[in-house]
Amino acid sequence: MWILDLQDRHAIDGAALLPAAEIDRRNGNNAGNFAFRYALTQRFFPQAQAGTFALLNDLVAPDTAVLMACSNWIGLSPEHEQANQERFESLQSSRVRTVPFGLGCQLPADTRFEALGPWTQRFLAQLAGSSPSMSVRDEQTAAILEQMGYRQAVVTGCPSNFIHPAPDLGARLAQRLQVLLDEGAGWADLALCMTEYSGGYTFSADLFRRQYQLIKAHAATYVVQDFPLLAFLLRETAELPVEYSLHHFPGMEAGIATLARHLRRAGVYFSAFDDWLLHMRRFDLCLGMRLHGNMAALQSGTPALVLTHDERTAQLCETMSLPHLPAPDWLDLPADDPGPLLRHMLPALSRYDARRRELAGRMAQHLQACGLDTPPALADLLPVPAPESAP
């Protein structure tokens with residue numbers, strides 16, 4: 001069994017001696033990629049051999065099952081189109097059995113398949129032709145494939161949702177929140193972690209201002225996932241990246257030196273997902289705009305809230321019953337009291353375990369359709385069969 005993946009599946013060997021740009025290249029330009037791949041290669045199929053599309057025909061015999069961590073492969077950008085051309089050309093001459101996992105879109109909610117570039121459409125057609133079943137992460141992706149005439153999509157959510165082994169994870173997370181609520185915990189009482197903000201949205205600057213207040217006042221940790229701030233944290237440059245220039249945050253009462261000092265103190269980065277999971281266990285709460293950054297917290301057993309920035313991310317959270325809130329709505333909540341935020345998270349967590357069991361069952365069906373056994377880490381999360389009635 002093979003998996004087409006990055007050189008470093010969920011950890012970068014020798015990262016301590018590498019420049020930030022090389023670390024960024026080897027994690028696929030976002031450290032969040034490790035969450036997805038950790039689930040497939042550490043929890044589900046640790047025996048799978050890793051290869052790349054470029055080496056596919058040299059390494060893999062015909063009719064071999066080839067696992068694919070698909071993530072955000074469907075998009076409209078030139079980068080998506082180029083990558084899908086390369087994937088198409090690599091698969092065109094092979095006769096392997098492809099097993100896609102978590103195929104997802106980076107598309108506006110109302111996009112139809114006709115808007116996709118020609119290479120992306122060809123690649124999806126090719127993938128559908130060699131895959132008896134296709135794990136997709138949300139209904140939007142399934143709808144795109146159905147518009148193209150392919151009906152073997154199975155909505156499974158993201159594989160990273162199955163990392164934690166406890167079937168009652170949602171109940172455990174809800175219990176931890178309820179303890180905080182019963183104690184009347186304020187921000188100063190919480191060991192707080194936040195994921196790196198994403199720029200480019202009308203609310204981005206206001207959201208980071210709120211995060212920065214928590215960093216300053218309550219020593220919150222700030223998990224970095226992207227290259228620009230990583231280069232700063234590793235002291236390869238003394239300048240903050242443009243995403244953190246003060247002209248993005250009018251009225252913020254800090255000089256650039258003060259902002260830089262706080263980000264150096266608060267910022268952390270992980271080159272291995274095991275270390276990321278382990279570190280997240282120490283917190284009471286994680287929140288922010290990064291889905292996989294928050295997933296790292298949830299799968300470590302720490303309550304987390306995704307501040308959604310678009311309908312696509314909100315739909316993915318709904319698919320998995322992850323606690324989430326539109327980012328602008330967080331700004332409308334009281335800044336001095338975490339109570340309303342914690343209460344908002346409880347309903348999603350009350351549904352999480354049942355939804356996770358359902359998605360695990362779908363993932364098992366997907367694997368069976370592709371001729372693969374259900375790995376023990378997934379089988380432990382499946383619904384318990386009802387006992388047979390006595391004759």
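**A chat about the pockets**

Modeller: Let's begin with the second largest pocket: its lining is made up of Tyr38, Arg43, Ile163, His164, Pro165, Asp274, Leu277, Leu278, Arg281, Gln299 and Ser300. Keep in mind that this is a predicted model.

Biologist: Nice. What volume does the second largest pocket have?

Modeller: The volume comes to about 160 Å³.

Biologist: And which element gives the most to that lining?

Modeller: That's α11, with three residues. α11 covers 273-280, and at least two residues each come from α2, α11 and α12.

Biologist: How does the lining of the second largest pocket divide by class?

Modeller: There are five nonpolar residues, with three polar and three charged ones besides.

Biologist: OK, switching over. How much space lies in the largest pocket?

Modeller: About 1600 Å³.

Biologist: Which residues lie nearest its centre?

Modeller: Gly28, Asn29, Asn30, Asn33 and Asn72 do, out of 50 residues that line the largest pocket. The elements giving two or more residues to this lining are α1 (20-26), α2 (33-44), α4 (78-92), α9 (227-233), α12 (291-300) and α13 (311-320).

Biologist: Which of them gives the most?

Modeller: α4 does, supplying six residues to the lining of the largest pocket.

Biologist: Great, thanks for the tour!

Technical notes:
Residues numbered from 1 in each chain as written. Predicted model: local features only at pLDDT ≥ 70, side-chain atom pairs only at ≥ 80, totals over all residues. Heavy atoms only, no water. 1 Å grid on protein atoms, 1.4 Å probe; cavity = no way out; pocket = protein on both sides within 12 Å on 5 of 7 lines; lining within 4 Å. Points joined across faces, edges and corners; volume = space filled by probe spheres on them. Helix = DSSP H or I, 4+ residues; strand = E, 2+ residues; numbered from the N terminus. Nonpolar A, V, L, I, M, F, W, Y, C, P; charged D, E, K, R; others polar.
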